[in-house]
Amino acid sequence: MKFWIPALAITLGLVGLAFSDINEYLFFAGFVVLQFVVLASAWNILGGYAGYVNFGVPAFVAVGSYTALVLFKALGAPLLVQILGGALVSGVLGLCVGLLTLRLRGIFFSIATVAVIFILETVVLNWRYVGGATGVQIARPEVSFGFETYTRMLFAVMAVLSLVAVSISRYLQYSHIGQGLRALRDSEEAAECSGVPTLRLKVIACVVSGALLGAGGAPMPMYLSFIEPASSFNLSYAVSALAMPIIGGIGHWAGPVIGALLLGSLQQYVTVEISSELNVLVVGVLLVVFVVIAPDGILGWVKAWKRFSK
Amino acid sequence: METILEVSGLGKNFGGFTALSEVSLAVASGERLGLIGPNGSGKTTLINCISGALFNDAGSIRFNGQEVSRKSAHERTRLGIARSFQIPRPFGSMTVLENLMVPFAYVCGISGKRARSEAREILGHMGLAEKADTQSNQLSQVELRKMELARAMAARPKLLVSDEAMAGLAGAEVDEVLKILFELNAQGITIIMIEHIMQAVMSFSQRVVCLDAGSIIADGTPEVVVKNPQVQRAYLGH
């Protein structure tokens, strides 16, 4: 209840906001911040809880986006179906990556996930139906649920998706699965010898994390009315999805939420006020600063402060 | 006496290197077995094959009459094979108590208050009661060794494999850990102890097996094995 009442209230508040008459740009920017809440929470399930650092975030996001595109182009599927489809296909990609953990650990796993980006990007570049290298322009369908504009609707949908992602991530943290993932992050051998089915848990984490990353990427074609490979497979997704949990505090569900809200908003601000190129620098600098002075992120600070003031 | 563990014709290669060949060993229920041998003789490989950390290339491993050599490590833990590690592997981000909660949840299927009180009981037996809420990466070497044994015990094993649980410990600490192992054995747990401290091996083991270059070269009572000329040449260095 301590989680659900505020969480539901915030989500409803955000959805309600989309019906108000404030500046459209706020929703356009807010969508990106909320998308990062989804992506960072999803990344944290595998990277934070299980300690498997996934650099392949752009691949999962793009699989979500392109699945949505194909569903829309081929069947005229509505947004919710696009999101579910994106999550499903990305979840299957998660399953494949999960099987990599059978043999690859640590940095070797991370490098393999980078390869996934390039493999899938090459596939998309050579696939005429989804526009190849030039991309596809999309005519958005009618807005539903009584929203004024499509962007407002997407903002509300992303708010709900954030709630779903954070709830799943929080549930996993406090469940047996989270306990097992934590154990295998500390020592895979000792976890096995404590009865933890490490492979199964790693695969579960990969599938759930992958599905949520895909769901987060699925609304992109509709959001931009356009999709092309270079931005869909952009490595900055990987950097952001990793930087946000690290800055917020890894291994706790609230960490990526804090990191995404903070860094996402800051990036949007910098993009508008200063330069769209500078926002990547902001992520980099903050990441370095946090790794050096607060390796446990903002949550680590809070914990240390609580211990200190006791 | 009833046989709890039966290893027969066990072989394990790493590339072209034969780590174990034709190792056969039967352990009786409730037995205290010492496993000795020079470094690189295959002791840890043997127990890695028994616990499931490695799969054997040849031969069979039967535990309680059941073939386990193709089962994964966590399945074997659930069947009752527990082990401690030569280099302690604590779940460093957890407290000592939380370390024990993992096998409780995943092997015994208990959690919450009941698991916590049982965990405290085990820690009490190990002399770790005051350390229950300490972060496990803050423990001293002897405390880590004890915690490894405590965590192994939380899985309620029938067979405990202790891989050099006394390595690097001082004299009095060796006796402490030895006392714990004797107590566990008195509760009916079969124990295989790998150890280089001969005094501990001699006082603990009912039977000693000596490995050299991946094969068993001696098997018998401690007194007989240490007098074996092959053992003396390969390991004891007389």
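Visitor: Hi! How many helices and strands are there in chain B?

Guide: Chain B has nine helices and ten strands. Keep in mind that this is a predicted model.

Visitor: Thanks. And how compact is chain B?

Guide: It is as compact as a globular protein of that length, because its radius of gyration is 17 Å, close to the 18 Å that the globule rule gives for 238 residues. The C-alpha trace of chain B spans about 50 × 40 × 35 Å along its principal axes.

Visitor: What percentage of chain B is buried?

Guide: Of the 238 residues in chain B, 47% are buried. As for contacts in chain B between residues at least 6 apart in sequence, 64% of them join residues at least 24 apart.

Visitor: Let's talk sheets. In what order do the four strands of the open sheet in chain B run?

Guide: The order is 2-1-4-5, with antiparallel pairing. Strand 2 (17–28) and strand 5 (66–67) of chain B are the edge strands, each pairing on one side only.

Visitor: How many bridges join strand 1 to strand 4 of chain B?

Guide: Five bridges link strand 1 (residues 3–14) to strand 4 (residues 58–63) in chain B. As an example from this chain, Ser8(B) has Ser60(B) in strand 4 as its bridge partner.

Visitor: Switching topic: how many residues does each chain bring to the contact?

Guide: Chain A brings 15 residues and chain B brings 21 residues.

Visitor: Which helix gives the largest share of chain A's side?

Guide: Helix 7 of chain A does, with six residues. Helix 7 (176–186) and helix 8 (188–192) of chain A each supply at least two residues.

Visitor: And what classes of residue are on that side?

Guide: On the side of chain A that touches chain B, there are five nonpolar, six polar and four charged residues.

How values were computed: Residues numbered from 1 in each chain as written. Chains lettered and ligands numbered in written order. Predicted model: local features only at pLDDT ≥ 70, side-chain atom pairs only at ≥ 80, totals over all residues. Pairing = 2+ DSSP bridges. Contact = placed C-beta atoms within 7 Å. Nonpolar A, V, L, I, M, F, W, Y, C, P; charged D, E, K, R; others polar. Rg over C-alpha atoms; globule rule 2.2 N^0.38 Å. Buried ≥ 20, exposed ≤ 12 C-beta atoms within 10 Å, placed from the backbone.
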